[in-house]
Amino acid sequence: MTRSVLMPLQRTWLLVVGATAVALWMREDRLAGFTIGAMTLAIAYAKARLVILDFMELRHAPLLWRCLLEGWLLLVSSLIVTIYASSGAAHHSL
Amino acid sequence: MPGQYPIGAARTGTLPDADALPLSAAARSSASPRRLPGDRDVWIFIYAELCAFGLFFVAYMVYRSDRVDLFNASQLGLDRSLGALNTILLLTSSWAVAAAPRAARLGRIVAVPRYLAFGIALGLAFMVVKYFEYRAKLHAGITISTDMFYMFYFCLTGIHLMHVIAGTIILIVIWLNARARLYHTGNTTGLEAGASYWHMVDLLWIFLFALLYLLR
């Protein structure tokens, strides 16, 4: 029973650490451009969502609280990516 | 409710068992109703913190959009390896701290302080890495007034560091409680509340790392 309760946590840890490595690799490879930036933000969103659902244990929390936290994440991520997308051609040409 | 149980029952030790059983069953059952871990008031506090940091992130992006070239150039001065190392430290710490209430709910109360101690050690390691990172910047003559990027870098990571310090103190308090065997199947509220705060610290760093160290 202990194993069955803790295993999903291990899986979440592997996913978030793996996602961090991918984001770092994309940056280390000196790739640039809007697509890479948007993927970096998408990875941050996915990691943050896993922390909210699995580490914070809101996956099975009352819907109000789950929606509040996921809503915060969605709103902040959307604003960030919108501002990023509209921040001009300067970084797209780099 | 006074009078519900005979006083003698408490003295013979039957009362705590009778109280703990329904909670234990609810905690173990996969069909248990949806429940908010920890304390609702702590969640309101956490939500207020998240909203404040959300505004900081948006402000950073707005200022960045005005000076993309400056922000990209200054970002090259950051040590991405240390930023990534701190990300792994906090994610792993968060994992250990998430395991603690699960262990308590399963009645593995000896494992609870061990998980918390591991989480605390990684939180302290985060502070040490941050110290060396700040020291390297100051030695290189980079300060909060160098430019707009570094103003955000020092302010955002500095405010976050204060939360890491506060979170570590909270973890130490619940670690001491866990060592005193205060958390068990029927009582995990304080443990879960402290753990929720620590996960918030981790959550915020995920964005700080992406925005300050990675985004071009």
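A salt bridge is here a side-chain nitrogen of Lys or Arg within 4 Å of a carboxyl oxygen of Asp or Glu. The model is predicted, so that local features need pLDDT of at least 70 and side-chain atom pairs count only at pLDDT 80 or more, while totals for chains, interfaces and linings use all residues. Residues are numbered from 1 along each chain as its sequence is written, and side-chain values use heavy atoms, with hydrogens and water left out.

**Exercise 1.** Describe the contact between chain B and chain A, and find how many salt bridges are counted there.

*Solution.* Begin with the residues in contact (heavy atoms within 4.5 Å): chain B gives 53 and chain A gives 47. Next take the buried area, the accessible area (1.4 Å probe) that two parts lose on being put together, summed over both; here it is about 4700 Å², with 75% from carbon and sulfur atoms. On the side of chain B, B:Arg34, B:Arg102 and B:Phe207 lose the most area to chain A, together 14% of what that side buries. Finally, the count between the two chains is 2 salt bridges, and A:Glu57 and B:Arg105 meet through their side chains in a salt bridge at 2.5 Å, N to O.

**Exercise 2.** Work out what span helix H7 of chain B should have, and compare the distance between its end C-alpha atoms.

*Solution.* Helices are DSSP runs (H or I, at least four residues), numbered from the N terminus. The expected span is 1.5 Å times one less than the number of residues, and therefore the 32 residues of H7 (148–179) should span 46 Å, which agrees with end C-alpha atoms 46 Å apart. Just after H7(B), B:Arg181 takes a positive phi of about 60°.

Note on methods
Chains lettered and ligands numbered in written order. Helix = DSSP H or I, 4+ residues; strand = E, 2+ residues; numbered from the N terminus.
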